Each structure stands twice: as C-alpha cells, then as structure tokens.
Amino acid sequence: MSTAADGTPIDDWIEIHAGGRVTVKTGKVELGTGLLTALAQIAAEELDVAVENVDVAGPWTGRSPDEGYTAGSRSIKEGGAAIRRAAAEARQVLLELAAAELGGGALSVTGGVVSGPRGSRTYAELLGGKPFNRTVSGLAPLKRPESYRVVGTAVQRPDIARKAYGLGGFVTDVRVDGMVHARVVRPRTFGARLAGVDASGLPEGVTVVRRNDFLAVVADREEVALAARDAIRPTWTDGDPVPPMGELFSWMRRQVTEDQELIDGSARGQGSIVRDYHWPFQAHASLAPSCAVADVRPGGATVYTAAQGVYPLRRALAPLLGLPPASIEVIHREGSGCYGHNGADDAAADAAVISQELGRPVRVQWTRFDELVWARKGPAMTTRMSADLAPDGRIARWTSDIWSPNHGGRPSRPEQLIAGRLRDGIPEPDSTTYIGGGRNARVDYEIAAQRVTMHWLRRPALPGSALRGLGATANTFANECFMDELAGLAGVDPVEFRRRHLSDRRALAVIDTVAGASGWGGPPPPGRGRGVAYGRYDGTGAYVATVAEVSIVEDAVRVERLWIAHDCGLIVNPDGLRNQIEGNAVQSLSRALIEQVRWDSGGLLCTDWQSYPILRFTQIPPIDVILIDRPDQPPVGAGEPATIATAPAVANAIAAATGVRLRQAPLGGRLR
Amino acid sequence: MFSINVNGVDHQVAAPGEAPLLFVLRNDLGLNGPQFGCGEETCGACKVLVDGAAVPSCRLPLQRVGTARVVTLEGLAEDGEPHPVQQAFVDEQAMQCGMCANGMIIEAVALVMRGNPTDAGIHEALEGNLCRCGTHHRIARAVRRAADELWR
C-alpha cells in the first residue's frame, strides 16, 4: 500500500532536535479523539524512541504535510501509515549514520540510542537539529506487529492534562495583539436577503460590518459586541422555501433526483415485503460554538481555526480574500468536538472577511444560536426496503431505494462558505457531486439478488454536510431494522438470521461476541426487550455489533444497557479506542432517541439546548465495550463505526419488548 | 473599576459592571479555564467556583461578584499539585475534546468538597453539565475516584 509519505522528504514528517526530542508533523488534526497520541505511538514504535519524547505538531499550512481533511475514520489508516513509513525510513537513515561513525558490527536501537560493539550514539548526536535530506522510499523495513511495545498500549493523551489544568491551547484561547471581538448577525432561515438594518440602538464603540447579506458587529470588548448583536435590528426577506417539516420525507421522494445503482445485481423491481424507514436532520451540536481568529493584511493573512483541513480551507479562503494561497497561513487549534463538518470553517471565513474589512485582527465567536442554526446539518434520508424470503428462510431478494442529498459540503470554493455567499450575495450552489449518502447502503450479507439505488437530491431541504457516520447511520438503521423484521417473518432468531447470511469470520466474531456478552438467547429481565444490529463501517472499515436492552416506562423508551463488540484490526491505543467507542455509543444513542432538527415556516426552531436537547448524565445507560484485537490486520479508524449500530439495535429492542415497530428516528417518546 | 478576588489574588478590573464574569476572566485576566458554551447558563462549560459554589459565569455580571472568592480551573492546584479531581480526570482520561472539562471539574470539585457522593449523586450533580463527545461514564469514574481519595 502506498502512503502519503512515499516519495516525500523525511523532513516533512520527522525532526530530530538537538536536545533529543522528536517532532512528528501531521496534516491530521486532533478532534478530541486522541489521534495525535496514537500517531506519536506509531512514530515512537518505528523510530525506537520513548513515546514521552515525541511531540506531534498539528496542521499548519506551509509547515505540515497536506493530508486533506481529517475525516471518514481514515486518519489512523492513512495518516498513521504515512508516519509509520516516514519513521521507519528515518530510523534507517539514523542507523546508516551510526554505522559510519561506529564502524561495523551489529547495531541495535533502544530509546533513541544506537549501540554496537564499538560504542553508542544517540539520535541527537547523530542528527540533532539537522535535516535528514532523504526521501521516504517506502522500502525501509517496518516492525512486525508482534514485536510492538508502544503501539497497543494505553498511552495517556498529553492534551488531557493540559485541558484538565486549564493551560489553554484551544482556538478560543488564541489572543492576538490589537484583536477586536465580533459577532455575526443572521436569521433562522437560509437564503434570506438583508433588506435593511436599524443600528440606532447600538451601544457606543460598535462597528457594523455590512456587505450585501453579510452582517456583523465588532467592538473592542466582547460583551459590547454581544450586546450589539442583541440590539441591532436587521430586516430579512423570506428565506428559501422549505417543505413543511411533517412532509419532509414525501417531499424528498417527489424531487427530481440523479439516480445511481450501487449494486445492479440480478434483483429488479421490488420484493413482496416492503418497509419504509426515515432519518431526520440532526445537528453536530458541538458543545462550544465555533470560534476563529483572523488577521488579514494587504499582503497576506493568518487564520486560527479548528477546521478539519487547513490546506482545503486555505484554498477556499484565497479567492474569498483575493490573496494568493501562499500568502495565507492557516493554523489549526483545537476546538469543540465536531464529529464532521460543523461551523469551524465558516467561523474562520467570517473572521477573515471582517478582518479584511477593518484591517485589524478579529476574533469571531459564534453564539449557540449560530452553531445550532447555521452549522450544516447531518442530512435527512428516507429509504424504501424490499425483500423476498425463500422457503428455507434465507433472503432471496433484497432491494433498497435511498433518497439522500450530498453529505460532502466541505468548502473548497468561496461560495461554499457562508461568509462568501452572504458577502457576495450569491446563493448556495446545487450539488454537483454526491458523497457519503451511500455509505453502508450495501450490506455485506450474502444475498443472491440485490439492488441498491441511490436517488440523489440536488438540493437538500436544509444545508447539509458530513455528520459522524454520514449516510451509514441512516442506511444501517434501515438495513438492520429490516433484517430484524425479516428474521421475525422467517421465524428465526435475529442473531441466527444474521449468521446465516454471513461467512466473514470477523463479522461472525463481533456478532458472537456481543451475543455472548449480553446473554443473548436467554430471556431478558421481565419487562425488557433486546435488539441486535451489525455493520461493517463503510464496507471496508471496522466491524461492530451492538445489543441494546430497553424497557418501557410510561410509554417512553428507556435504554437500560448497551453491549458493543468492536474489531478495527490492530489496536493502537486500547484506552483511547474505548473512549471513542463509548462516546460513539452515547452520542448515537442521543441521536437515536431524541435528536431532530425542527423548523416551521419562519425557519429553524433549534436555537438553544432546550430546543435541541441531547442526552444528559442520568439518561445514559451502562455501556459494555468488548474489543477484539487483530494484530495481523491493519488498523482502521474507530471514530465513527460504533455510531451506526445503535439506533437499529434500540429500535429492534423496542420491537422485541412491545411488538411496536418504529421505523422513523428519533425513537424516544413515540410509542403511544 | 471593580475589584475582584480570583484564584486568591485581588484584581482591579477596568470593565463595565454588566460585563459577564466569563469575559472578564478570559479577556481582562487572560484565563483559559472557563469556556463559552452557550451564554445562557444551560451547558456548564463556563462554570467557576464562587465562594465554593459551582456557578455559570457567562451571565454573572461583574458588579454582582463583590467580595466573593472566585476560583477557576487554573486556581484549583495547591502548591503546584493538581486538585485530586483534576488528577482523577487525567488518570481516567475523562474527556475527548475537553470543552466540557472545565465545567465538569469545577462542578465535581464543589460536589466532593460537600461530602462523599453516591454514584447516583455524581450523575445528578453533573446533570446540568452537557458533554457532546459522550465521555459521561469516564467523568463519573473520575469523580468517584477523586471522592474516594478525599474521603477514604
């Protein structure tokens, strides 16, 4: 497998400092997943240095490699593979240097010290402060997983201590000399034009920035900017028409679509068993709203952002600001967890546009309203499943028709940034490419006749983009609820029914593991029901199987416990992995039970934590995570896979407990 | 000009009396612990200790602070040693993005200083603090660990 490091200078990835510390440079960002710690482990392993001596430098245009976006649970698989190659090459160079200094004889490396019969040299003595001046050939020998000593261990994340002690480092903590504070002013509709502004009630010292539909208030003091945002009286025209919320799914199915066959197998038309499943718009609902700091000067710019890709953002900002890309520095700083494409890029563009207008450094802090209304949503999807069962109880035919918009709204052009559209008065462009909605549309069950058809909407009802799992969440909900319904019609236990349609031993292993852990087969406690769901993320990623146990309390669903079995190949950091899986479980349970973006004719109704609630401490059940380590298999990402199986496991458990089959998320409070 | 006591030090602050304490702490005193999460006292990210009680700082006017002793995340350490709750959050690796960590730790400190909580009491005390990454169980374990250490 080739990696991003192959053919590039080692110096783009690894630096050995005179004091002995090692810096690893990555184009992947820390989203709160512990990624940078895992990358440090991979580098330390191949280099034979102590992981405590490795610092990972996050993305910074011009200083770090361009690895695109940190997305799709690909950062360990791809970013980790690149660093592994670069580190192995670096170790080889260091061994060659040591051989030249120490003469012949077998050399060994421990803790960054090369030892041989005629003495030893530290990496710092060999190369400290100097460049490698070599290219990553991709041919340097890689360590064998069975010899790993750092990879596979629960190394603590250094950023957690920093955050626990309040030592800063977030994008919100960036302060630049002469910086002023800005708030953007936006309606709860999309596509509205700014017809007028009454600024008569503003506090003293406020600057209003208005260009076309772009409106912001700026002040030296943050509370003044906030007060100005509340005091300013803009007049907006009606926004783009949005279908009534209650008609969303039928509206989606009536749209002109671009159709794509993901599997054009022998199945045609529809089977005799037909079911419809629906998934709502959902929000990232990042705990802290997006924030950015920008300093745009006549000849260049510096932008601090929590965006997932510093180079792609720079490509979008350059034409927005009329500056050459090379004159713009985009520096990543950690932000609130984002789970995909939230408001981070747009806040950066807001700060850049305002800073350019004023000629001063500007800090933009989005409000809770801005983040919940204006950060792009995980798109709603609606699916029609059909099947026929053979007399032997196997699935003879399986079809799915999936209506989805593009899930890939990440910006690479100015009009894909809110600030670009509003400032220049241009509408949101229709989608020309479609990604993400087909993730996990295809099942890996062995079914002779399958058809999977995507019906791509050119324009979603609300602006959408990547939210954790993308289409895999809605698709696995449809697929795995439907599997359960088919199992019931076939009169076969749901675990057994899935096993009959699988031969991949890793798939069977997660199902058997979760069944064993949850006591599947035995009766659940009185008044409770259990449901199972399985998926392999994005077809080639991690395997996950989940069992949910629910009870019904006064017609409301109460999830009592979750069991999750997870196989993502070689485990780099078991504690970091558990943290990811537990977090996936909680967030996906919240999405499964209570989350949906609501709107009326006046615009979005999710503007605060009351109108877009998420699960709280006392609503979260015990979660059992069972890790299956596969050192012989390459590591794949774990940021998203466990998200996909929760909602169908809960829906299947509700059906088991009550006989009521819910086919539309969110599932909570809909039983009456 | 207002005088406030933050982390044991008296500060003279040239800020409007209606300025939220959060902005004064971050922008006038340069502190990084309390974070802006909602500005509506509904998420907990901005919590600080005011005379030992965990309160949101995002809407607390500077002029209402008076002579109260304000302690932020930065002020929890004693003699260079992190507070047991901070240490427990590190030991349990009890966060992902960390934006909620300030409020969780501050609320937990107020809780464990009142007495040794039950497990249910920990969950109830943290009910007003939101975490979007889903690290609730780790956070509860960290608070348990710190409470047991303090009250053993």
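This is a predicted model: local features need pLDDT of at least 70, side-chain atom pairs count only at pLDDT 80 or more; totals for chains, interfaces and linings use all residues.
Residues are numbered from 1 along each chain as its sequence is written, and chains are lettered from A and ligands numbered from 1 in the order in which they are written. Helices (H or I, at least four residues) and strands (E, at least two) are DSSP runs numbered from the N terminus.

Strand β19 of chain A, which spans residues 395-405, is mostly covered, with 9 of its 11 residues buried; a residue is buried if 20 or more other C-beta atoms lie within 10 Å of its own, exposed if 12 or fewer, and partly exposed in between, with C-beta atoms placed from the backbone. Pairing of two strands requires that DSSP find at least two bridges between them. By this criterion β19(A) runs antiparallel to strand β18 (residues 381-389) of chain A, to which 8 bridges join it, and Ser386(A) has Thr399(A) in β19(A) as its bridge partner. The hairpin of β18(A) and β19(A) has 5 residues between the strands, and in this hairpin Gly393(A) takes a positive phi near 90°. Strand β20 (residues 449-457) of chain A runs parallel to β19(A), and 9 bridges join the two; here Trp403(A) stands opposite His455(A) in β20(A).

Trp403(A) also has a spatial relation to Glu258(A): the two are 145 residues apart in sequence and 9.9 Å apart in space, C-alpha to C-alpha. Glu258(A) has its place in strand β12 (residues 257-264) of chain A and counts as exposed because it has 12 C-beta neighbours inside 10 Å. When its neighbours within four places in sequence are left aside, Glu258(A) is in contact with Trp456(A) and Arg458(A), where contact between two residues requires that their C-beta atoms, placed from the backbone, lie within 7 Å.

β21(A) pairs in the antiparallel sense with β22(A) (residues 543-553) over 9 bridges, and Arg536(A) has Tyr543(A) in β22(A) as its bridge partner. Between the strands of this hairpin there are 6 residues, and Asp538(A) in the hairpin takes a positive phi near 55°.

An open sheet of 3 strands in chain A has the order β1-β2-β3, with mixed pairing. Its edge strands, each of which pairs on one side only, are β1 (14-16) and β3 (54-57) of chain A. Strands β1(A) and β2(A) (residues 22-25) run antiparallel and are joined by 3 bridges, and Ile16(A) has Val22(A) in β2(A) as its bridge partner. Helix α1 (residues 35-47) of chain A lies across β2 and β3 of chain A, running at about 130° to β3(A); axes are lines fitted to C-alpha atoms, for helices over the stretch in contact, and angles run from 0 to 180 degrees between N-to-C directions.

Helices α7 (residues 310-321) and α8 (residues 344-358) of chain A have axes that come within 11 Å and cross at roughly 30°. They are therefore roughly parallel to each other, a term for angles under 35 degrees, with those over 145 counted as roughly antiparallel, 65 to 115 as roughly perpendicular and the rest as oblique. The contact involves Leu313(A), Leu317(A), Leu320(A) and Leu321(A) of α7(A) together with Asp345(A), Ala348(A), Ala349(A), Ala352(A) and Gln356(A) of α8(A). These contact residues divide into 7 nonpolar, 1 polar and 1 charged, where Ala, Val, Leu, Ile, Met, Phe, Trp, Tyr, Cys and Pro count as nonpolar, Asp, Glu, Lys and Arg as charged, and the others, Gly among them, as polar.

Between the chains, 42 residues of chain A are in contact with 46 residues of chain B. On the side of chain A that touches chain B, at least two residues each are supplied by α4 (158-164), α5 (222-231) and α14 (574-593) of chain A, and α14(A) gives the most, with 8 residues. The residues of this side divide into 16 nonpolar, 16 polar and 10 charged. In chain B, helix α1 (residues 21-28) is largely enclosed by the rest of the structure, because 7 of its 8 residues are buried. The buried residues of α1(B) pack against α5 of chain A together with β1 (2-6), β2 (9-13) and α2 (62-65) of chain B. Gly30(B), whose phi is positive, near 70°, follows α1(B).
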